[in-house]
Amino acid sequence: MRRLESVETLGSTTVICTDKTGTLTQNRMAVLEVWTPAGRVQVSGVGYEPTGQLTGPPGAREATAELARAAVRCSTGRIQEAPDGWTASGDPMEAALDALARRSGAPAPDDVPATRRFPFDPRRRRMSVLVGHELYVKGAPDSVLPRCTDPSGAAAEATRLASAGLRVLAVAVRTVDLPARAGADEAERELHLLGLVGLEDPPREGVDAALVECRRAGIAVAMVTGDAGATATAIARQVGLWQEGSSRVVTGADLPADATALGALLDHDGIVVCRVAPEDKLRIARALQARGHVVAMTGDGVNDGPALRAADIGVAMGRSGTDVARQAADLVLLDDHFATVVAAVRQGRTTFANIRRFLTYHLTDNVAELAPFLVFSVTGGAVPLAIGVLQVLGLDIATDLLPALALGAEPSSPRVLEGPPPRRRLVDRHVLTRALAVLGPVEATVAMTAFLTVLVSAGWSYGETASGTALATASGAAFTAIVLGQFGTAFACRSSSRPVWRLGWRGNPLLVGALGVEVLVLAAVLTVPPVADLLGHRPPSLAGLAVAGCAVPAVLAVDAIGKAVRARRPGRGVDAVDRTGRAAPPRG
Ligand SMILES: Nc1ncnc2c1ncn2[C@@H]1O[C@H](COP(=O)(O)OP(=O)(O)OP(=O)(O)O)[C@@H](O)[C@H]1O
């Protein structure tokens, strides 16, 4: 996480716009098939190894070697031998082209340096390199084929390869005497098509399960990719993103210009947006936000910065992403894996819930601490002050600190990704009602009852001045009741919906440890004379202790009743993604 405050936003994510390569797929490319005007060639081989087999008519295999040599001349990515086998150095797709060249027996590219380079650009979707008078071009078929003089049959082949889920690249050459001032557009025309390459990039393991989690969590997922529609759709099907009936594929160029129409078009689970330009990503993020969504957007390219910044959560690829994307992002995925985005959302929801637990716990305590002062003031001093300022400090600093910290470390609930994301404020009506109107008053009542029980049993009656010893013993009982009440509150705060006995006792070992320490601190504060004298109390009498002990069951019982009442209210447990496949808006 680059910005800590984004953790809270992450938990509220309602739409994830993910790219494909490396996030949903492994970004381990391998050429499976080549089409040249001389025929088709099937390519086999293991990973990036330079040895493999080409199967096809001899003419097609020769043409494949020529195509591969041109593609490598137009690339910088290469394969290299590492201790654990052959790996890609640079762009994995270009490394796969290098492997193809070696498997096809193409002569290694000469050392003649390129005189001009027109680098890959996601808007042009092609690149070229001029070596002497030869211009080598490679790029997306829909970008390269219209610039070829002889593309017959290639478009249909490109569609066939893409429909099989392969990433398709067209490779072409041109012999040209290029003027020094000529730009890419002028250079990359009248091309001679060498053929098409179909590259496999297998889906990542765990993506399908992560998508199922997203659906349960009310998070819609859209694939936003620069790749072709057919390839993107095939991959969407393979990973389980495609939803029969509600999914559809839209091309970047066909996205409506109007933001409202764009938002309405994209506001569904399983949408595939293909051939997007970086500025499309920015528009997509803004259009979904305008519909009330909290948008997480992944990106890796230099041009993805504005979209990553505009999204509520910009997610950059740590391995394959550019520095620009990483700088613009809130979250950097060290493994580039889609499932990690979902894990981060889970952590975001957990952190949000833990901060609320922590706040509820502390607010409850405040009510119990304030009540004695209220009673004292309202009765005009007829009821003595049950606890003093130093005792309040003792409660806040000594006994409450560790349980509060332990609540902040409550592990993720298995149900945290069930149902639509919370879009509540940290302190909302539920937190305030629970702390100030339910748990707090119970603690306060038990504390005052313990206090008065000790006083009355020592012979005090309303309006009289209590003896110093009776007052100190009664105050010790009130103090004990508040500490024990907080004991119950700490367990009650572990869940906002389930009673304590459904949670198990070992779910948060830190809390159990913290409460053990709390008991020791309580005993010390009550019995160690200098401390007890400083705070102005003494150990409670048996009657006082008995009443104070009721604080735990009283808090837990009232908490369970409050949760049961809340569970009966309509609107709880709404399905995350409704049957139309529309993304659930954040819970209000
Ligand atoms: N290095 C490259 N040289 C030539 N063409 C490329 C290169 N990289 C990609 N292409 C072509 O451009 C198309 C779009 O690639 P781009 O990198 O914009 O998409 P993408 O970001 O890879 O999409 P995603 O990451 O979502 O899969 C690819 O389908 C491919 O045909």
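The model is predicted: local features need a pLDDT of at least 70, side-chain atom pairs count only at pLDDT 80 or more, and totals for chains, interfaces and linings use all residues. Residues are numbered from 1 along each chain as its sequence is written.

The domain assignment gives domain 1 (6-24 + 206-336), domain 2 (30-200) and domain 3 (352-568). Such bounds come from an automatic or database domain assignment. The C-alpha centres of domain 1 and domain 3 lie 46 Å apart. Ten residues from domain 1 and eight residues from domain 3 make up the contact, where two residues are in contact if their C-beta atoms, placed from the backbone, lie within 7 Å. On the side of domain 1 that touches domain 3, α1 (6-11) and α7 each supply at least two residues. Helices (H or I, at least four residues) and strands (E, at least two) are DSSP runs, numbered from the N terminus. By class, this side of domain 1 has two nonpolar, five polar and three charged residues. Here Ala, Val, Leu, Ile, Met, Phe, Trp, Tyr, Cys and Pro count as nonpolar, Asp, Glu, Lys and Arg as charged, and the others, Gly among them, as polar.

The ligand is surrounded by 20 residues. A residue is near a molecule if its C-beta atom, placed from the backbone, lies within 6 Å of it. The closest are D19, T21, A140, T225 and G226. Domain 1 and domain 2 each give at least three residues to this shell. Four elements each supply at least two residues: α3 (92-103), β8 (126-131), β9 (134-139) and β10 (167-175). The shell has seven nonpolar, four polar and nine charged residues.

Helix α3 also holds A101. A101 counts as buried, with 28 C-beta neighbours inside 10 Å. A residue is buried if 20 or more other C-beta atoms lie within 10 Å of its own, exposed if 12 or fewer, and partly exposed in between; C-beta atoms are placed from the backbone. Leaving out residues up to four places away in sequence, A101 touches A68, R69, V72 and A106. A71 is 30 residues from A101 along the chain, and their C-alpha atoms are separated by 8.4 Å.

Helix α7 spans residues 207-216, and V207, A210, L211 and C214 are buried in this helix. Seen down the axis of α7, its buried residues fall within an arc of 100 degrees, so they line one face of the helix. The arc is that of the directions from the helix axis to the C-beta atoms. An α-helix has 3.6 residues a turn, so residues three or four places apart point the same way. The buried residues of α7 pack against β1 (15-18), β12 (220-224), α8 (229-239) and α13 (338-378). Just after α7, G218 takes a positive phi of about 70 degrees.

Most residues other than glycine have a negative phi. N27 lies in the loop between β1 and β2 (30-36). With 21 C-beta neighbours inside 10 Å, N27 counts as buried. E190 sits in the loop between α6 (184-187) and β11 (192-200). E190 is partly exposed, with 13 other C-beta atoms within 10 Å.

An unreviewed UniProt entry lists residues 431-458, 470-489, 510-529 and 541-562 under "transmembrane region". UniProt positions are given in the numbering used here, feature names are shortened, and annotations may be inferred rather than shown by experiment. Residues 431-458 are 96% helix and 0% strand, with end C-alpha atoms 39 Å apart. Residues 510-529 are 95% helix and 0% strand, and their end C-alpha atoms lie 30 Å apart.

L515 lies in helix α18 (residues 509-527). L515 counts as partly exposed, with 18 C-beta neighbours inside 10 Å. Beyond its neighbours within four places in sequence, L515 is in contact with P403, F487 and A490. In helix α20 (residues 542-549), G544, V547 and A548 are buried. Down the axis of α20, these buried residues fall within an arc of 100 degrees, so they line one face of the helix. Their cover includes α16 (429-457), α17 (468-492) and α21 (551-568).
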